[in-house]
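This report is intended for a reader new to the structure. Please examine the sequence and the model shown here before reading on.

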Amino acid sequence: MVKLKPCGSSSVVERLLAKEKVAGSIPVCRSKNISVSSGMFLFQGLNPFRFWAKINSLKFVIMAMEATHVRFARDISQYLNITDWSTFYAGAIYPDSRYVTGISRDKTHGPDCPKNPFAVGLSDFEKGWAAHLYYDEVAHLLYFKALSKPHERVFPGSDLWQTITAVKVIEDMLGFKYLGSEKKFLLEFSADDFPITEDKKLIEKYCSFQKNLYDHQPEVNDYKKFWTAFNIEKEIAEGVLLKVHKFLIDKLICDRIENIFSTVLKSVQK
Ligand SMILES: [Zn+2]
């Protein structure tokens, strides 16, 4: 049996950073005003994506999508003594609901959130939540590695953001293919599974976005529809799709993308 190394995600990230010879911690952009090279983002009005981007400018970790999170939660679940599977998977899907609820990143992905799924005393929901955060943080540098790009700050909507988002889309499409009966947890969760205080209607909205994406094997264009629901600008969504199509015909990149998941999984094993 595989023996687990119950380490916190931050130490894993630190090791990866050290390996990459990148000084410091997760990239933090402290600028209040994001300047994107394309000049596309001005943060005017109430466009939710722009609002989200502004929130993320304070501390931005590139995050995987939900089929990937469910797959990872499934693959480590055998070591987690889960009793309530619906709540466990709801926990794995929960953190990114903030894109719809608009609550701060710190409340779903911050230092006080459960980050070690193997920690003692977590509820099933917290185990799923911690599995999500673990994947987000460990995969962060691996996205750069897959692209042979140096680790640097990523501003939402920028060309680099689009490139890495394209990688995440391919990772997610692949991830969905590897799901079996767990697919239903992407379709059956509801606000009632979330022991949180966010606006229930907004959580339900987030649930319905996910259900629309995952009620079948998602194709590239389904992600475009998904982002449209999040009010991501058309030019940005199209930029991502172009990159997805470009990567899909590049076997080397596809192999590297496929390896991201197994590398994260191996990081919790020895
Ligand atoms: Zn996340």
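## Basis of the model

The model is predicted, with local features requiring pLDDT of at least 70 and side-chain atom pairs counted only at pLDDT 80 or more, while totals for chains, interfaces and linings use all residues. Residue numbers start from 1 along each chain as its sequence is written.

## Packing of α3 and α7

Helix α3 (residues 66–76) packs against helix α7 (residues 124–146) at an angle of about 115°, and their axes are 9 Å apart. The angle therefore makes α3 roughly perpendicular to α7 (a term for angles of 65 to 115 degrees). The crossing of α3 past α7 is right-handed.

On the α3 side, the contact is formed by T68, H69, F72, A73 and I76, which meet G128, A131, H132 and Y135 of α7; contact requires C-beta atoms, placed from the backbone, to lie within 7 Å. By class, this contact of α3 with α7 has five nonpolar, four polar and no charged residues.

## Two loop residues with positive phi

N81 lies in the loop between α3 and α4 (85–93). Its phi is near 55°, a positive value in a residue other than glycine. N81 counts as exposed because it has 9 C-beta neighbours inside 10 Å (exposed means 12 or fewer other C-beta atoms within 10 Å).

S148 is located in the loop between α7 and α8 (159–177). Although S148 is not a glycine, it has a positive phi of about 55°. S148 is exposed, with 9 other C-beta atoms within 10 Å.

Methods:
Axes are lines fitted to C-alpha atoms, for helices over the stretch in contact, and angles run from 0 to 180 degrees between N-to-C directions. Helices (H or I, at least four residues) and strands (E, at least two) are DSSP runs, numbered from the N terminus. Angles under 35 degrees count as roughly parallel, over 145 as roughly antiparallel, 65 to 115 as roughly perpendicular and the rest as oblique. A crossing is left-handed if the near helix is turned anticlockwise from the far one by less than a right angle, and right-handed if clockwise. Two residues are in contact if their C-beta atoms, placed from the backbone, lie within 7 Å. Ala, Val, Leu, Ile, Met, Phe, Trp, Tyr, Cys and Pro count as nonpolar, Asp, Glu, Lys and Arg as charged, and the others, Gly among them, as polar. A residue is buried if 20 or more other C-beta atoms lie within 10 Å of its own, exposed if 12 or fewer, and partly exposed in between; C-beta atoms are placed from the backbone.
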